[in-house]
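Here is a brief report on a protein–DNA model. It starts at the DNA and then turns to symmetry and packing.

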Number of protein chains: 2
Amino acid sequence: MCGVVEDADLTRLSEMAVECEVAAGTAFIEEGQAADTFFNVTAGTARLIKSLPDGRRQIIGFAGVGHFLGLAVSDIYAFGAEALGPMRLCRFSRAGLRQLLDEFPVMEQRLLAVARDELVAAQEQMLLLGRKTARERLASFLLAYPRAASCPARTEDVISLPMTRADIADYLGLTVETVSRTLTRLRTGRVIAVPSAAMILIRDRATLASIAAGEV
Amino acid sequence: MCGVVEDADLTRLSEMAVECEVAAGTAFIEEGQAADTFFNVTAGTARLIKSLPDGRRQIIGFAGVGHFLGLAVSDIYAFGAEALGPMRLCRFSRAGLRQLLDEFPVMEQRLLAVARDELVAAQEQMLLLGRKTARERLASFLLAYPRAASCPARTEDVISLPMTRADIADYLGLTVETVSRTLTRLRTGRVIAVPSAAMILIRDRATLASIAAGEV
DNA sequence: TCGGGGCATTGATCCAGATCATGGCGGCCT
DNA sequence: AGGCCGCCATGATCTGGATCAATGCCCCGA
């Protein structure tokens, strides 16, 4: 689970934290390992991954600045986390969380609100993964990602993607090839522009929204 | 969002509730409508549905006895709910919830725990919908459904299904035909038995678990 | 400036599961 | 008891996206 808290609490939190940096690509949470610590992202973005034994992987989300990671339900991490690029993290013990929650009861409400938001997002993603076409998935992603990411793009219609095509594919339940082809078709259809691989411009938001909703 | 609370709170809750019955098939929560009330299931099971404009639907979960429904994040229901069979419900105003939470601060913690459990389940379902084959999806469903449902089957290996094949299909992101064929193959392979359409026996749990994990 | 390695794109072919079509069964209502 | 209707099973065919296979491009380091 991950989420955002207010600055006031973050200050108090930081007193209990150990700051650390991780290099690009580092897997700093491993699915199935003992969940003794949790993290707050202070710089960079992580991909959150669930895997099958044969290597198939599903990215269940991306965690940007401010998000909490590793607040597992059980004693074991339900998913892994890997740095998309260089990251900065604050590391806490789970005991520290209990202490903080006792100190700031309002935190409980905040965590609940965050969990609900994530649940809503997860339910939307189930609809996407279960019933949408590749084209609809990409359109939905391009519309929803900027909101989900903590650092929105420079303008409304410029999307800066810190992840690779393979990550997008694993997030949308597709293959790299299909993501690439589908983006090309959206580009050909003048719905988006792709000045560089990591940057996408929305040229026709209304059409993109229609596609995302399955109306085209 | 839905979940289970303790008897003590349920007693207090019931003082604020309006009991009501709904017939099989009734859509008692409509996706997109104003979320002014919420419900607690006291008998029966509901399917929770998200739909696309053209009629495609994804069932995001099943809510059995004890589950809360309609605790929307926004003022609008994020998904609909329909009775699988005749149901009994307790109806509350959202104002009543605020009142209850103030009265029992511990409720907040409970709701958080419930939301987390559902989030974990939702993430597991994302892996299923994004990356598993039809066979793996059915195996996972047969193993996970009895735990998710509040009323477990008579014995460990007997699963009683209150929903149709179409519901299972919409839950697993498949078609009715694929669900039917896949169950037939599992039956032929002696992994399960299907004495009647609504009842499934697990004959080889170990194999079913291997299939669900993607090892076969 | 050049070379190499990791992305990304694009093309050709394949296949799991969707779609289309039919028949059978079981429960329920009259 | 009979008939009807909704659900389930199964067969035939189709197809969106996966898989297999090159090639291109960009960035970075020496």
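Sugar or phosphate supplies 58% of the atoms of DNA strand C within 4 Å of the protein, and bases supply the rest. The model is predicted: local features need pLDDT of at least 70, side-chain atom pairs count only at pLDDT 80 or more, and totals for chains, interfaces and linings use all residues. Residues are numbered from 1 along each chain as its sequence is written, chains are lettered from A and ligands numbered from 1 in the order in which they are written, and side-chain values use heavy atoms, with hydrogens and water left out.

Of the 15 residues around DNA strand C, those that come nearest include R165(A), T184(A) and R181(B). A residue is near the strand if one of its heavy atoms lies within 4 Å of it. Polar contacts (pairs of N or O atoms within 3.5 Å) are listed below.

| Protein N or O atom | Atom of DNA strand C | Distance |
|---|---|---|
| R165(A), backbone | phosphate oxygen | 2.7 Å |
| T184(A), side chain | phosphate oxygen | 2.6 Å |
| E177(B), side chain | base nitrogen | 3.0 Å |

Helix 6 (176–188) of chain A and helix 6 (176–188) of chain B each give two or more residues to the surface near DNA strand C.

A rotation of 180 degrees with 0.0 Å of shift along its axis superposes chain A on chain B, with RMSD 0.0 Å. The two copies are thus related as by a two-fold rotation axis. Superposition is by least squares on the C-alpha atoms of residues with pLDDT of at least 70 in both.

F28(A) touches V22(A), L69(A) and M87(A), among others, not counting residues up to four places away in sequence. Contact means heavy atoms within 4.5 Å.

Methods: Polar contact = N/O pair within 3.5 Å; in protein donor to acceptor, adjacent residues only side chain to side chain. Helix = DSSP H or I, 4+ residues; strand = E, 2+ residues; numbered from the N terminus.
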